[in-house]
Amino acid sequence: MSRPWTADLGNGTYRNPVLNSDWSDPDVVRVGDDYYLTASSFGRVPGLPLLHSRDLVNWSLIGHALARLEPAADFAVPRHDCGVWAPSLRHHAGRFWIFWGDPDHGIQQINAEDIRGPWSAPHLVKAGKGLIDACPLWDEETGEAFLVHAWAKSRSGIKNRLTGHRMSPDGRELLDEGKTLVDADTIPGWFTLEGPKLYRHDGYFWIFAPAGGVETGWQGAFRSREFFGPYEEKVVLAQGGTDVNGPHQGAWVETAQGPSSPSSHWFLHFQSRGAYGRVVHLQPMSWPADGDGWPVIGDGGEPVAVHTKPEAPEQPVEAPASGDDFPGGRYGRQWQWTAAPRPGWTVEHAGDGLRLSCVRTAYAHDLRVLPNVLVQRLPAEEFGIEVDLTLNSREPGAKAGLAVLGDAFSWIGLEAGDDGTARLVHRYAESVAEHERDAAHARAAPEGRVRLSIEVTTGARCRFFADTGDGFRPSGQVFAATPWRWVGSLLGLFATAPAGTGPAGTAAFTAFRTSG
């Protein structure tokens, strides 16, 4: 399976982004010689992706921590901008812990002895609206536990504020009503303070938190001798003269080499890149002995484009997989559903290739509201996709295809006509449209088979192609992929049929390929 982007340059250096896909709001923890990363997954299922690395540059996707979102009824339909926001990943007392804020329900927690699970069921630590970006801290010196979180104004009417609590050591309950740790309305020029990560270092409580907005903000650091403050602040990473807009919200991690190594501290953060989502950068970080006690991130506080890799044994060049042969009829870890999956959406079989049931629905005209779309992130800035599709249905209106899905969408695939004969169709919908329309004239698809392709170029401009037996031919106009509010555009596979009763057939997808 091809991987169209790798950060490892093969000469002891790396280029940013180290993860060139929408791994939004990353957090990282090191356990021994292994690094683990999780990220926001919003309403997609499964949630809370888990990535692994031995050098912070080469990453693989090893699974997900959240099999289903709760409450289940809320996520039976797509909720693209809800669900899991800005999780924190920690290791304490021999267990992995993930805390996150669901803006509509509150702060939740799961834990596991092994990163690959099984993970505990979600536990609601603090109920409420607008509670987001939760991060715990177990103080190894005192045995106390703490938690900090931010606020979503859209749900609570509060923003630009960080609230702190004492927490029970088992991570299951908060021990007080909470106190404002940082009110950024009192700091000139600071707005949209969010995404806090809580640490202990050199006798201080440290909160790393971004401000200034996703697209154009900066990374702040706050420190205090006491958890409840008062805190002083400093901007420790900003765009400066680089082309990395809004470099903020992420994780500080120390390598296994420890403080004696000159390159033992690193900071991972995201950059918002429109339809591509929030890609992840790796910055060198230091605590200068002759400084003022504040960390220095990147090149004097500005992001680096290329840098020497962290000190670690040589690792194979790797990035999360995007292509898929669907061995044994199963889809790979890179795929998620747009809502909680239901029995019967996939059809089990012994061979390779994915079989999707043509799910009956009255909303097949709008992919954005369908729960049965199997999606993955755009894997790079420029890439190509190919997949074979066979429509095994003569139900008029049954259809299946390959989509680029966001606030606007476009897809190409097969649809059964009034006589049950398959035809190639290409459709799209603008962000303000409630119903898809033709992007190109339909044409015959002999035997209900087609090879589909999308070429994506800079700016997430998508050109669609199809081969019905006479070679690839372009279809329709170039489509500019668009994100949702907080989520990058997605690649999708789907199969639907008009509302009704009884089985409506299946669609087979084989040899899903991506190339750089």
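Are Glu-436 and Lys-399 buried or exposed? Both residues are buried (under 20% relative accessible area; exposed is over 50%, partly exposed in between; 1.4 Å probe, protein chains only). The model is predicted, with local features needing pLDDT of at least 70 and side-chain atom pairs pLDDT 80 or more, while totals for chains, interfaces and linings use all residues. Residues are numbered from 1 along each chain as its sequence is written, and side-chain values use heavy atoms, without hydrogens and water.

**View 1. Salt bridge between Glu-436 and Lys-399.** The N to O distance is 2.8 Å (a salt bridge is a side-chain nitrogen of Lys or Arg within 4 Å of a carboxyl oxygen of Asp or Glu). Glu-436 sits in the loop between β30 and β31, Lys-399 in strand β28, 37 residues apart (strands are DSSP runs of E, at least two residues; helices of H or I, at least four; numbered from the N terminus). Both belong to a salt-bridge network that also links Glu-415, Arg-423, Arg-427 and Asp-438.

**View 2. Asp-104 with Arg-79 and Arg-155.** Asp-104 is buried, at 14% relative accessible area. Its salt bridge to Arg-79 has the closest N and O atoms 3.6 Å apart. Arg-79 is partly exposed, at 23%. The salt bridge of Asp-104 with Arg-155 spans 2.9 Å, N to O. Arg-155 lies in helix α1 and Asp-104 in the loop between β7 and β8, so this pair ties together parts 51 residues apart in sequence. Arg-155 is partly exposed, at 26%.
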